[in-house]
Amino acid sequence: MSRYARQMILPEIGAEGQSRLARARVLVVGAGGLAAPALPLLAGAGVGHLTIVDPDTVDLSNLHRQTLFAESDCGRPKAQAAADHCRALNSEITVEARKQTLTPANAADLVAEADLVLDCADSYAASYTLSDTCLAQGTPLISASVLGLSGYVGGFCGGAPSLRAVFPDAPDSGASCATAGVLGPVVAMIGAMQAQMALGAILGLDPSPLGQMVQVDGRSCISGGFRFDAAPEPDSHFPFVALSQLTQNDLIVDLRSVDEAPVPIHPNAHRLTVEALNTDPNMGKTLALCCATGLRAWRAAEELHPHWPGRIVLVAAATS
């Protein structure tokens, strides 16, 4: 009996749908908690080509939510360990591991190789970089975020509005799983939903998962959602860029203190406050605001935007 027999019975799949899955190329950015359920579900379903991008290694503190890994994987590159587990589950598919960070400099090339992208990165900079890139290339993006006991997953781009259309402003909180904590089952539920939405997009299910937002509250075990098919794209935004994309004519400002970052992010970077920038003589230049995650830079850009006549871009040190 075919390994796919149980899903091919479904009228939504059949032989044609299974062939679509076999031809699909999916880029998965981040091999952590969200990818832990998503990757084996995609591999098991027969998605033909998976590319896994992650710069980190498996750590013991990951295992409560990154259940794709075992204690014996600790110290191994996450991308490689995840790829090995997917190959062990399904030897009929191709799984490619890339131990690297997604950046605004390499995002376009990575997305260009894929039919669909899963954002499992747990990074503001990565999520918005992927959204901008997928919107430009017309590639569907299934993006998710989890913190504490709640999270969301949505289908963006590929003909649907982008992440910026739904979340145009800087996030209220800069907390992360490392600082605020997270419970494994909540991550697993949302990661599994990412896989379901990805399969739905590949199979062309109706209604489309693109343009759909699903929210999960693990405390109350209640989920909800809404469609955002008509959400307008923002008139302007502050794109994330890589340091390699800056020029000598740009005004580069490292918003981090000397105590936080003794070495500036770039040799030409200045240590300036937002207040000082309001009267800076270089106001016609492209302003590159830099911080650790990009969130502080984004908030500073929102404050400066009404007065700064030039372009404003953001740099996240963690992804540059």
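**Entry 1. Terms and model**

I take the axes as lines fitted to C-alpha atoms, for helices over the stretch in contact, and the angles as running from 0 to 180 degrees between N-to-C directions. I note at the outset that the model I am reading is a predicted one.

**Entry 2. Helix α3 against α4**

I looked up helix α4 (residues 78-89) beside α3 and found that their axes come within 9 Å and cross at roughly 35°. I recorded the crossing of α3 and α4 as right-handed. On the α3 side I listed Leu-39, Pro-40, Ala-43 and Gly-44, which meet Ala-82, Cys-86 and Leu-89 of α4. Sorted by class, this contact of α3 with α4 holds 6 nonpolar residues, 1 polar residue and no charged residues.

**Entry 3. Helix α3 against α9**

I then turned to α9 (residues 184-203), which packs with α3 (residues 35-45) at an angle of about 35°, the axes lying 7 Å apart. The crossing of α3 and α9 is right-handed. From α3, I noted Pro-37, Ala-38, Leu-41, Leu-42 and Ala-45. They meet a set of α9 residues that I wrote down as Val-187, Ala-188, Gly-191, Ala-192, Ala-195, Ala-198 and Leu-199. The class count for the contact of α3 with α9 is 11 nonpolar, 1 polar and no charged residues.

**Entry 4. The sheet of 8 strands**

I traced an open sheet of 8 strands in the order β3-β2-β1-β4-β5-β6-β7-β8, and its pairing is mixed. Which strands stand at the edges? I found β3 (94-98) and β8 (222-227) there, each with a single partner strand, so one side of each is left without a neighbour in the sheet. From one strand to the next, the twist of this sheet averages 15°.

**Entry 5. Strand β5 and its partners**

I examined β5 within this sheet and found it mostly covered, with 5 of its 7 residues buried. On one side I followed its pairing with β4 (residues 116-119), which is in the parallel sense over 3 bridges. Leu-118 has Ile-142 of β5 as its bridge partner. Between β4 and β5 the chain passes through α6, and I recorded this β-α-β crossover as right-handed.

I next checked β6 (residues 150-156), which pairs with β5 (residues 141-147) in the antiparallel sense over 7 bridges. Within that pairing, Val-146 stands opposite Gly-151 of β6, and Ser-145 has Tyr-152 of β6 as its bridge partner. The two strands, β5 and β6, form a hairpin with 2 residues between them. In the turn I noted Gly-148, whose phi is positive at about 65°.

**Entry 6. The sheet of 3 strands**

I found an open sheet of 3 strands, ordered β9-β10-β11, with parallel pairing. Its edges are β9 and β11; each has a single partner strand, so one side of each is left without a neighbour in the sheet. The twist here averages 20° from one strand to the next.

I went through the pairs in turn. Strand β9 (residues 251-254) is joined to β10 by 4 bridges, and the two run parallel. I placed Asp-254 opposite Cys-290 in β10. Strand β11 (residues 312-316) pairs with β10 in the parallel sense over 5 bridges. Here I placed Ala-288 opposite Val-313 of β11 and Cys-291 opposite Ala-316 of β11.

Are the residues of β10 buried or exposed? I counted 5 of the 5 residues of β10 (residues 287-291) as buried. Leu-287, Leu-289 and Cys-291 lie on one side and Ala-288 and Cys-290 on the other, and both faces of β10 are covered. In β9, I saw Leu-251 and Val-253 point one way and Ile-252 and Asp-254 the other way, and all are buried.

**Entry 7. Helix α11**

I listed its buried residues as Leu-295, Ala-297, Trp-298, Ala-300, Ala-301 and Leu-304. What do the buried residues of α11 pack against? I found α6 (124-137), α7 (163-166), α10 (274-277), β10 and β11.

Key. Residues are numbered from 1 along each chain as its sequence is written. This is a predicted model: local features need pLDDT of at least 70, side-chain atom pairs count only at pLDDT 80 or more; totals for chains, interfaces and linings use all residues. Side-chain values use heavy atoms; hydrogens and water are left out. A crossing is left-handed if the near helix is turned anticlockwise from the far one by less than a right angle, and right-handed if clockwise. Contact means heavy atoms within 4.5 Å. Ala, Val, Leu, Ile, Met, Phe, Trp, Tyr, Cys and Pro count as nonpolar, Asp, Glu, Lys and Arg as charged, and the others, Gly among them, as polar. Two strands pair if DSSP finds at least two bridges between them. Buried means under 20% relative accessible area, exposed over 50%, partly exposed in between (1.4 Å probe, protein chains only). A crossover is right-handed if, with the strands pointing away from the viewer, the path from the first strand over the helix to the second runs clockwise.
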